Amino acid sequence: VELEILPAGDGDRPRLEALWGLYVYDWSEILGLDVEEDGRFDLPSLDEWFGDPGRRRFLFRVDGKWAGFALIDSRSHLSGEAGVLDMSEFFVLRKYRRCGLGERAAGQLFDRFRGRWEVRERRENRAAAQFWRRIIGRYTGGRFTDEELDDDRWRGPVQRFDNG
Ligand SMILES: CC(C)(COP(=O)(O)OP(=O)(O)OC[C@H]1O[C@@H](n2cnc3c(N)ncnc32)[C@H](O)[C@@H]1OP(=O)(O)O)[C@@H](O)C(=O)NCCC(=O)NCCS
């Protein structure tokens, strides 16, 4: 299958917001979120992701169909340090899962931005931790660290590597 990783511009915002809603629905199972009285999830705003050049947005397209997204920040969410790449959000639509698409998309994004990377998973999201450990292990040939944080910065695993 053909995978394209496309930067999401302002005109893609409604599309990214629609996919964001599906991501939050996936999270609802893990975090026990309910919908509001109007039947919708209270979605975290994407405002901070638009209009800041250090924050990058990508859409995944497979054979001409939307298949997921990634949000990448160029500052550490743990220390605030600039120049550290943070894989902030990452999502593959269900029909495309478990066939290597997430691994390909992540690998292409790692290749696109060189330097120190941090990838974080919430403690509750065990499947994500398995996915990231597996694919970062392959991508780096095992040259990454894997630390479990449990403090105000983050609660869950963090993988770090440098592909600079
Ligand atoms: C996590 C997610 C991105 C994985 O995407 P995917 O396209 O299904 O992953 P791939 O098919 O590329 O899998 C790559 C490797 O990870 C493993 N993996 C993928 N999903 C897994 C899961 N749910 N549990 C355990 N391992 C998993 C695969 O087995 C594969 O390893 P293998 O080739 O050695 O078997 C996808 O399930 C998703 O979007 N989940 C919801 C959102 C989310 O949790 N995002 C991450 C936030 S930190």
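Modeller: The lining of the largest pocket draws at least two residues from each of helix 1 (13-31), strand 4 (82-92), helix 2 (101-112), strand 5 (116-120) and helix 3 (126-140). Bear in mind that this is a predicted model.

Colleague: What volume does the largest pocket have?

Modeller: Its lining comprises 44 residues. Nearest the centre lie F90, N125, A128, F131 and W132. The volume of the largest pocket is about 1500 Å³.

Colleague: Now the charged pairs. Which residue forms a salt bridge with D86?

Modeller: Side chains of opposite charge can pair when their charged atoms come close. For D86, the closest N and O atoms of the pair are 2.8 Å apart. The partner of D86 is R120.

Colleague: How many residues apart in sequence are the parts that D86 and R120 tie together?

Modeller: D86 and R120 are both buried. They form a salt bridge. D86 lies in strand 4 and R120 in strand 5, so the pair ties together parts whose separation in sequence is 34 residues.

Colleague: R138 and E103 also form a salt bridge. Which of the two is exposed, and which is partly exposed?

Modeller: Their closest N and O atoms are 2.8 Å apart. The pair links distant parts of the chain, 35 residues apart, with R138 in helix 3 and E103 in helix 2. The cut-off for exposed is over 50% relative accessible area. E103 has 27%, so E103 is partly exposed; at 52%, the exposed residue is R138.

Colleague: How many salt bridges does a search of the whole structure find?

Modeller: The R55 and E48 pair is one of them. D86 with R120 is another. The search of the whole structure gives 23 salt bridges.

Colleague: On to helix 3. What span does helix 3 reach from its first C-alpha to its last?

Modeller: Helix 3 has 15 residues. At 1.5 Å a residue, the expected span is 21 Å. The model is close to that, and helix 3 reaches 21 Å.

Colleague: What covers the buried residues of helix 3?

Modeller: In helix 3, A128, A129, W132, I135, I136, G137 and T140 are buried. An α-helix has 3.6 residues a turn, so residues three or four places apart point the same way. The cover over the buried residues of helix 3 includes strand 4, helix 2, strand 5 and strand 7 (155-162).

Colleague: Which residue with a positive phi follows helix 3?

Modeller: Helix 3 runs over 126-140. The phi of the residue that follows is near 60°. That residue is G141.

Colleague: Last, A105. Which residues is A105 in contact with, leaving aside its neighbours within four places in sequence?

Modeller: A105 sits in helix 2. Its relative accessibility is 0%, so A105 is buried. The C-alpha of R61, 44 residues away along the chain, is 9.9 Å from that of A105. The contacts of A105 are L3, I5, F60 and F90.

How values were computed. Residues numbered from 1 in each chain as written. Predicted model: local features only at pLDDT ≥ 70, side-chain atom pairs only at ≥ 80, totals over all residues. Heavy atoms only, no water. 1 Å grid on protein atoms, 1.4 Å probe; cavity = no way out; pocket = protein on both sides within 12 Å on 5 of 7 lines; lining within 4 Å. Points joined across faces, edges and corners; volume = space filled by probe spheres on them. Helix = DSSP H or I, 4+ residues; strand = E, 2+ residues; numbered from the N terminus. Salt bridge = Lys/Arg side-chain N within 4 Å of Asp/Glu carboxyl O. Buried < 20%, exposed > 50% of the residue type's maximum accessible area, 1.4 Å probe, protein only. Expected span 1.5 Å × (residues − 1). Contact = heavy atoms within 4.5 Å.
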